[in-house]
Amino acid sequence: MMSSSFNIFSVGISFVMVCIFYKSSVDSLPELSPQKYFSTLQSGKASLAYFCQADSPSTSIFLEELNKAVKPLQDYGISVAKVNCVKEEASRYCGKEKDLMKAYLFRGNILLREFPTDTLFDVNAIIAHVLFALLFNEVKYVTTLERLQNIEDTLKGKANIAFAYVRAIGTPEHRAVMEAAFVYGTTYQFVLTTEIALLGSIGTEDIEYAHLYFFHCKPVLDLTQQCRRTLMEQPLTTLNIYRFIKSMEAPLLTEVAEDPQQVSTVHLQLGLPLVFIVSQQATYEADRRTAEWIGWRLLGKAGVLLLLRDSLEVDIPQQANVVFKREEGMPVEYLVLHDIDLVISHVENNMYTEEVREDEDNDIEEPDMDTLGIQDDEVAETVYRDRKRQLPLELTVELTEETFNATVTASDSIVLFYAGWQAVSMAFLQSYIDLAIKLKGTSTMLLARINCADWSDVCTKQNVTEFPVVKMYKEGENPVSYAGMLGTEDLLRFIQLRISCPVNITSVQEAEEYLSGELYKDLISYSSVSVLGLFSPTMTTAKEDFTEAGKYLKGCVITGIYSEEDVSILSNKYTATLPALLLARHKEDKVESLPLANTHAQDIVQIITNSLLETFPEITVENLPTYLRLQKPLLVLFSDGSINPQYKKAMLTLIKEKHLDSLTPCWLNLKTTPVGRGVLQMYFDVLPPLPLLVVVNLHSGGQVFAFPSDQAITEQNLLLWLKKVEAGLESPITILPAQEWKPPLPAYNFLHMMDAAASQHSSRKSPECVKETDVQENDKEQHEDKSAIKKEPTETLRIKHWNRRFLGQLITGRISTLIGSPNQTFTM
């Protein structure tokens, strides 16, 4: 049932309105003849049309309401057209007067439903009726308690229910429910009733207004147990339903060990307060049970967190057992409340409640992106924008607590751990499904996914404390975590390069095939550089260090090792002193040699990592953090498209002659990375003519110098200008501010989260790979980490932004890990 939801939208809908034409505000509608209109109806296309014969003032009000419905219906894939009835063309919809007083709903050329026009009395009624007809199989209409109970029993252990009561079909509340069903119908089962008696039978005393209940049926495995029910106490509007469902998706309880003033969750973004139950080690279990009970009582009203006093770096009053945070930026309240009812009362008495109930004669407000808690989060904004798109989730296996172990032990598997309530998880799900499409029929690797919002115990056992996370499971090996960019191509590269590294090369001929790319020609597209370590048979320590480095870089680059008696043949040919590295750059068709004397594993990783960097790279959202780690000023050539070959030649010549060793020379294409325009506007206020060459000293002083626009970019001019800059003879066009590029709210400070996570593993000291890092995990580590998990936020987010973080990096030099490409679209 749930898997087939909304298939009707994939084949398209046509909604045809027959009416008498009246000149009003609908002149913007395209005008077609009946023959032309019906010839354009195709499977997968949607259309709303009305047939017109003559002027009639009696239809003016109806046409005004229909015009208001044009844009909302277009948002649901239903376009609008006006069909002028002409005598030359016969059509049953231009016939008798009674036919002109009906609305006709089509899918393709198939008639689905007829509506008397008097039932479509306003914009809300039009949209509500159309969506209700189209979602007839997805939204269950019930009139008896027995029918509702049957649906509830059927969905126990499978899906949650959104149960709504509206006073009548076609009301603003009905429209709001149907719009919510359109968005969330694949996730929840929507049930609708207009029977007051049914609403009263489930315990609602006030039935004057419409109601929405959330039935928590998915966690219920005992069929004799009733699903928990949470009432939405706000009026039924599209925005309120969205907020309510988002609060249902949020964790019931989150553990934190930081200053409550700095904590921010999705609840604050939804306009709900936070309640911290203060706990300590001695009473942890009892406090957690109390907090969970309060969490159920305040579900949809506030976020509940368990604050671990023993792990806090800040002091809170010794007697305080509850902390209340009304909204972001306001001081928190430290309270002493010894009764659960007192906690509930305090929250309810301090909540902002919307007193004005919407007038049914007004349009239901559309959700405003700024009010939905998106703000600085481009990921959430993209997910919301593409929320109506469907993914072929059947290409991956959905895991549960019962199937997880059996699945990952039965075959080599890639598992995505995600949270259905979190924007980045839903964004990355698109990339993961794209990966499944690319690997379909070509890989033995099983792609699976598990929603940690539903199966948190499984994720905890797998040491997953942040989302999204991808792990590879292979028989006989410890699971490996993917720590690269959250995009399809990078994840595909990680999977394809998971060969056993370093590869043991056994002959000079095989080594030559390896260096030429023939040995692993299928993988050259994923790794343009192959690394070969050369060692004499007696260099045991050096070989062990290289082997360790090769394992660390597995999934990032292909590494091989040659240690036979005739290794001198290769070392002499490539002028290498043993031990040595040979770097085969396949795009440039050349092999370089680097010495490895007295070099440890982490140093080898750093050498290989740096060697993978391009000498004159195009800066993109993905690779900017890598080049910023070099801690050098950036020499950036901004270009509106491909760069002039003469400019490139001048730069490469200076690079080859070592004149630019103290800089990071690069170029930025504003067509492929349009956020670069914002960078230039920060430097110049007004976008300057292109191409433009600048030096950006991010790491010391923040000065920005611009190459004179009246000079040609030649080797001589560029070298002279750089010497003036170095000597202090050039004035900067601007000095970048010293402050950090901070997010608007603490909950968006993902750089801080990443820095904190990195500091916990500082003892590891191995440099990060260009894009991917392998993290080997074993059972011992998992057991040791369990205590640490309680000290971190249970739902820590590894959210990675792109365009604004990119802008911030070029302005402040802060380094973060980013997801996707600047033009990549993430959908849910």
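This is a predicted model: local features need pLDDT of at least 70, side-chain atom pairs count only at pLDDT 80 or more; totals for chains, interfaces and linings use all residues.
Residues are numbered from 1 along each chain as its sequence is written, and side-chain values use heavy atoms, with hydrogens and water left out.

Helices (H or I, at least four residues) and strands (E, at least two) are DSSP runs, numbered from the N terminus. Residues are termed buried when their relative accessible area is under 20%, exposed when it is over 50%, and partly exposed in between (1.4 Å probe, protein chains only). In strand S26 (residues 580–585), 6 of the 6 residues are buried, so the strand is largely enclosed by the rest of the structure. Ala580, Leu582 and Ala584 point to one side of S26, while Leu581, Leu583 and Arg585 point the other way, and all are buried.

Strands of a sheet pair through backbone hydrogen bonds, in either a parallel or an antiparallel sense. Two strands are taken to pair if DSSP finds at least two bridges between them. S26 pairs in the antiparallel sense with strand S24 (residues 529–534) over 6 bridges, and alanine 584 of S26 has serine 530 opposite to it. S26 is also joined by 6 bridges to strand S27 (residues 590–595), again running antiparallel. Here leucine 583 stands opposite glutamate 592 in S27. S26 and S27 form a hairpin with 4 residues between them, and aspartate 589 in the turn has a positive phi of about 55 degrees.

Helix H6 (residues 145–155) has as its buried residues Leu148, Ile151, Glu152 and Leu155. Seen down the axis of H6, these residues fall within an arc of 100 degrees (taken from the directions from the helix axis to the C-beta atoms), so they line one face of the helix. An α-helix has 3.6 residues a turn, so residues three or four places apart point the same way. The face of H6 turned away from the buried side carries the exposed residues Glu146 and Thr154. The elements that cover the buried residues of H6, through contacts (heavy atoms within 4.5 Å), include strands S7 (139–141), S8 (161–165) and S9 (189–193), helix H8 (196–201), and strands S10 (211–216) and S11 (228–232). Just after H6, glycine 157 takes a positive phi of about 80 degrees.

An open sheet is formed by 5 strands in the order S29-S28-S30-S31-S32, with mixed pairing. Strands S29 (664–669) and S32 (734–735) stand at the edges with a single partner strand each, so one side of each is left without a neighbour in the sheet. Within this sheet, strands S30 (residues 692–696) and S31 (residues 703–706) pair in the antiparallel sense over 3 bridges. Valine 695 has phenylalanine 705 in S31 as its bridge partner.

The structure holds 18 salt bridges, each defined as a side-chain nitrogen of Lys or Arg within 4 Å of a carboxyl oxygen of Asp or Glu. Lysine 156 and aspartate 153 form one of them, with the closest N and O atoms 3.1 Å apart. Lysine 156 counts as buried at 8% relative accessibility, whereas aspartate 153 is partly exposed at 30%. Another salt bridge joins glutamate 512 and lysine 573 (2.8 Å, N to O). Glutamate 512 lies in helix H18 (residues 508–516) and lysine 573 in helix H20 (residues 567–573), so the pair ties together parts that are 61 residues apart in sequence. Salt bridges also link Glu233, Lys301 and Glu348 in a network.

The structure contains 2 disulfides, a disulfide being a pair of cysteine sulfur atoms within 2.5 Å. Cysteine 217 and cysteine 227 form a disulfide with their sulfur atoms 2.3 Å apart. The torsion about this S-S bond is about 115 degrees, so the disulfide is right-handed. Both cysteine 217 and cysteine 227 are buried. A disulfide also joins cysteine 452 to cysteine 459, with an S to S distance of 2.0 Å. This link is left-handed, with -90 degrees about the S-S bond. Cysteine 452 is buried, with a relative accessible area of 4%, and cysteine 459 counts as buried at 2%.
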